[in-house]
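Have the sequence and the 3D view open as you read.

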Amino acid sequence: MNKKLLHKTLKAYLLYSLLILLIAAPVFYYATQKLYLQEADDTLLLHKKEFIEYAAPTMNETDIADWNKFNRNRKINPINNLSTDTIYTTTYYDKLDAELEPYRELKAAVIIHGKRYAYTGRINLVETQDLIKSIGILFLATISILLIGLFFITKKMSLSLWKPFYKTLKQIESFEIDKTRKPEFTKTEIEEFNRLNTSIEKLIEKNTAIYKAQKEFIENAAHELQTPLAVFQAKIDTLIQRTDVTQEQSEILDSLNDNVSRLNRLNKNLLLLSKMENAVYNDKQTISLTNCIQKNLDFFTEQARAKQLTITINSAEDFEVRSNPVLADVLISNLFLNSIRHNIEEGNINISTHNNSLTFSNSGQTQALNSEHLFNRFTKVNPSEDGTGLGLSIIKKIADINGWHVSYNYSSNLHSFTISF
């Protein structure tokens, strides 16, 4: 599945933001915790210094018990192999809270009246941890709001910035070279989009001019060929009717006659395509497709009989469509002609109308056709065939003019062409 450019960029921004958030959150937490532990250590050392400078010089041995009684987090105890200051994290049972709580504790040697004692000071880390958690939550909330805000701001700005591009894309998608209306691109504040629009306008103008020149050439050529082809056909008919024509000459004249007939069909088809492109057959009316099929069936019965083909029609009720009568008749006749020409001896042709669609199915070669170029002009399944290669392209053009859909399918050894109305 293809992805939109905006979604790809926003996805990249979102993934990057989440990655930064996942990395920054634990780093911030541990960095803050380390800073608070360092601050706690500095506080413990400061309390020790204050004790040595202000309390120890005036304290007697008899005051130690009272000191310990009234100082919950600082104690004076007999020394026990204490050589250097030691700071560590430990836990104590708090009777007031009835739970174990973490503490940062300092143990140091102090001198009271010339005698060494162990000074112990501690700071409860529960409040510090709660503060760190609160700061962490606040940090995450702030970063999350920032990232969400940036995401929606980026999305809104991107939609606004890319709006001219999508307008250009929409006009290009709806542009048809055989229509007179050209896309009109509005000026934008973005230089790249203006350059893109200018380049597309030049490309459309150039290709439209080439298309018109090609269409005029085909139309003019088809008109100019009508008279010489008619004269050529008449001369050949005159020669064929002569009694002094030899067998060899008769074969040559028959070959010439076949090729002239083919040229006439090609010329008529090109004129028909030219008229359809020039909107000559735009007037529409309600047509009985069932009657149209029956009328063409009477005409093509002899051709089908020559190849011993069996034609089966499955139409439950009268089927009506809105179309130009000429184009409807051409559509049905080309479907008949295609089913007969590309069939095999003693083959089958099945015609059915159901679910607002018309299907012509015929036997033929035992493999599916290349549907990629099937409806292109001058495309032939077999280059040696007598057809002009325009039959299916005419069917497709008529379907497009009427807003119908034509499709091809190969199943159960039958080649099926379906017109969905």
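D254 is partly exposed in this predicted model. Its relative accessible area is 37%. That value lies between the 20% and 50% cut-offs, so D254 counts as neither buried nor exposed. D254 sits in helix α5, which covers residues 247–277.

L14 belongs to helix α1, which spans residues 5–55. L14 has 40% relative accessibility, so L14 counts as partly exposed.

| Residue | Helix | Relative accessible area |
|---|---|---|
| L14 | α1 (residues 5–55) | 40% |
| D254 | α5 (residues 247–277) | 37% |

Now the whole chain. The protein has 8 helices and 11 strands. Its radius of gyration is 47 Å. The globule rule gives 22 Å for 421 residues. The value for the protein is well over that, so the protein is more spread out than a compact globule. Along the principal axes, the C-alpha atoms fill a box of roughly 155 × 50 × 45 Å.

How much of the protein is buried? Buried residues account for 33% of the 421 residues.

Note on methods: Residues numbered from 1 in each chain as written. Predicted model: local features only at pLDDT ≥ 70, side-chain atom pairs only at ≥ 80, totals over all residues. Heavy atoms only, no water. Helix = DSSP H or I, 4+ residues; strand = E, 2+ residues; numbered from the N terminus. Buried < 20%, exposed > 50% of the residue type's maximum accessible area, 1.4 Å probe, protein only. Rg over C-alpha atoms; globule rule 2.2 N^0.38 Å.
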